[in-house]
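Okay, everyone, thanks for coming. Let me put the structure up on the screen, and then we'll walk through it together.

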Amino acid sequence: IFSLPDIQQLEVLRGPQGTLYGAGSMAGTIRQVSRKPNLSEVEGKFEAGVSNISHGSGGYTIKGLINAPVVEDQFAIRASAYYNNFGGYLDNILTGEDDINDGTSKGVKLAARWMINEDFTADFTYFYHDYSDNGRPEDLDATPYLTRNYPSFDGYDDEMSIFNLTLNYDLGWGQIVSSSSYFDRTVINRRSLDLLFELALP
């Protein structure tokens with residue numbers, strides 16, 4: 001689950017699912033529903049936190065959001081962002097590296113709502129998320145525990161961008177809804193054998 005500070009509700013769909021919504025979800029689907037831009041009020045929130053791991057490194061979290069009506073009751077924008085720094089606790093006793101499983105998670109969401117008239121609404125959202133860590137959070141083969149005694153090709157990077165435009169027209173007796181999205185994702189899993197095979201190819 002992402003760390004956006006502007007969640008309105010969470011919806012859980014049990015798996016396995018073969019339907020259009022949640023298709024291919026063996027363990028189920030979790031949907032995060034964020035708040036829509038407020039057309040009439042200025043809003044803001046800021047949150048910060050720190051953490052520490054015994055025999056490891058510290059971490060911190062920063063989250064914030066702002067809502068601003070540009071044209072009252074007609075057009076507003078809403079932005080939220082987060083940055084998480086995770087402390088590590090695994091040491092590589094062969095290479096001398098400490099806390100090798102630390103990482104970061106950051107993201108931003110921009111939303112705009114245009115009330116074209118009392119029956120026609122247009123919503124645009126952009127979401128960006130980037131997660132990165134430097135090593136597996138466990139190593140059961142090492143002695144003593146919570147250490148690693150071999151050189152390793154490790155780490156994980158996951159970067160994604162999602163664009164969405166939703167048009168909603170109220171006919172009184174029903175609604176016409178159009179939702180179009182573009183999703184772009186890049187994953188580099190250094191723990192996967194696929195990457196090793198790619199590097200081995202000429």
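So, Phe46 sits in strand E3. Keep in mind that what you're looking at is a predicted model. Is Phe46 buried or exposed? Its relative accessibility is 60%, and exposed means over 50%, so Phe46 counts as exposed.

Together with Val50, Tyr60 and Ile62, Phe46 makes up a nonpolar patch on the surface. The accessible area of those four together is about 450 Å². Which strands supply the patch? Strand E3, residues 43–52, and strand E4, residues 58–71, each give at least two residues to it.

Now look at the loop between E3 and E4, where you'll find His55. His55 has a phi near 65°, which is positive, and this isn't a glycine. That's worth a glance because most residues other than glycine have a negative phi. His55 is also exposed, with a relative accessible area of 75%.

Move along to the loop between E4 and strand E5, which covers 75–86, and there's Asp73. Asp73 isn't a glycine either, yet it has a positive phi of about 65°. With a relative accessible area of 49%, Asp73 is partly exposed.

Note on methods
Residues are numbered from 1 along each chain as its sequence is written. This is a predicted model: local features need pLDDT of at least 70, side-chain atom pairs count only at pLDDT 80 or more; totals for chains, interfaces and linings use all residues. Side-chain values use heavy atoms; hydrogens and water are left out. Patches are made of residues with over 30% relative accessible area and no salt bridge: like charges are joined within 9 Å, nonpolar side chains (Val, Leu, Ile, Met, Phe, Trp, Tyr) within 5 Å. Accessible areas come from the Shrake-Rupley method with a 1.4 Å probe; for residues, only the protein chains shown count as cover. A salt bridge is a side-chain nitrogen of Lys or Arg within 4 Å of a carboxyl oxygen of Asp or Glu. Helices (H or I, at least four residues) and strands (E, at least two) are DSSP runs, numbered from the N terminus. Buried means under 20% relative accessible area, exposed over 50%, partly exposed in between (1.4 Å probe, protein chains only).
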